[in-house]
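Please open the model in a viewer and keep the sequence panel at hand.

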Amino acid sequence: MPALRGTLRAITIGAAALAAASALVASGAGGVDAEPAAAEPAGPAVRLHEDPEAVLAATTATIRGFLAGDAEAARAGLARIAEGTAHLDPVVDAELGGDLLAHALALQTASARARESAGDGRMDDAYRQFQWVQQACFGCHTIARRDGLLR
Ligand code: HEC
């Protein structure tokens, strides 16, 4: 969803600009005896979730939907998971690395397939796809921790 990515970029760029501005202030705007500003930890070029807690809540809601056999609730939860997780572009977001991009794509694909199956009443298949969604959460977070994007 380009709009979401735009928002996420804006947040990231805004944060970077703020950090640069405060580093400038802290350094006394070029004063001679100023301490060198501490290097900012390298954060992700794109934030993966605008609201991580909402993605977690959507995941719980999806599980509840499946357990209740409520296809519409499951579909709604799956859609919120997909909306809350950045849709990355392998070209634009190449700096994030292939492993992370693959997991982002896997999440979007599995969420879409799960919604399609649930929409057709194939809840077993939808649940299998939902397990791939959760596999993408786990896999990407493992990579993100390895790469210092997540503590
Ligand atoms: C493609 C990578 C990726 C995928 C897929 C992903 N996440 Fe994340 N997640 C991150 C990163 C990176 C952060 C750190 C902050 C940020 O970038 O938004 C994060 C942060 C979070 C946080 C807040 C920090 C924490 O550990 O409590 C939660 C909660 C979360 N994600 C839940 C989920 C859930 C649930 C899913 C699957 C439905 C998921 N994420 C899928 C990369 C991912």
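From the N terminus on, the order of elements is α-α-α-α-α. This is a predicted model, in which local features need pLDDT of at least 70, side-chain atom pairs count only at pLDDT 80 or more, and totals for chains, interfaces and linings use all residues. For making selections, residues are numbered from 1 along each chain as its sequence is written.

Next, colour by pLDDT, the predictor's confidence in each residue, from 0 to 100. The protein averages 81, and 70% of the residues score at least 70. Select residues 1-31: the pLDDT there is below 50, and beyond near neighbours in sequence this stretch has 26 contacts in the model. Two residues are in contact if their C-beta atoms, placed from the backbone, lie within 7 Å. Of the contacts in the protein with a separation of 6 or more, 63% join residues 24 or more positions apart.

**The ligand shell**

Which residues are closest to the ligand? Of the 23 residues that surround it, the closest are Leu48, Pro52, Ala104, Cys137 and Cys140. H2 (52-67), H4 (98-119) and H5 (123-146) each supply at least two residues of this shell, and the largest share, 6 residues, comes from H5. By type, the shell divides into 16 nonpolar, 5 polar and 2 charged residues; Ala, Val, Leu, Ile, Met, Phe, Trp, Tyr, Cys and Pro count as nonpolar, Asp, Glu, Lys and Arg as charged, and the others, Gly among them, as polar.

**Helix H5**

Select H5 alone. Its 24 residues reach 35 Å from the first C-alpha to the last, close to the 34 Å expected at 1.5 Å a residue; the expected span is 1.5 Å times one less than the number of residues. Show the side chains of Ala126, Gln129, Phe130, Val133, Ala136 and Cys140, which are buried. A residue is buried if 20 or more other C-beta atoms lie within 10 Å of its own, exposed if 12 or fewer, and partly exposed in between, with C-beta atoms placed from the backbone. The cover over the buried residues of H5 includes H2, H3 (71-84) and H4. Just after H5, glycine 148 takes a positive phi of about 75°.

Move to H3, where the buried residues are Ala74, Arg75, Gly77, Leu78, Ile81, Ala82 and Gly84. H2, H4 and H5 are among the elements that cover them. Centre on leucine 78: leaving aside neighbours within four places in sequence, leucine 78 is in contact with Thr62, Ser111, Ala114, Arg115 and Phe130.

Leu78 also belongs to the largest nonpolar core, which has 22 residues; those with the most contacts inside it are Leu78, Ala104, Ala114, Phe130 and Val133. Such a core is a set of buried Ala, Val, Leu, Ile, Met, Phe, Trp, Tyr and Cys residues joined through C-beta atoms within 7 Å. H2, H3, H4 and H5 give two or more residues to this core, and its largest share, 6 residues, comes from H4.

**A last stop**

Finally, select glycine 121, in the loop between H4 and H5. Is glycine 121 buried or exposed? It counts as exposed because it has 9 C-beta neighbours inside 10 Å.

Terms used. Near = placed C-beta within 6 Å. Helix = DSSP H or I, 4+ residues; strand = E, 2+ residues; numbered from the N terminus.
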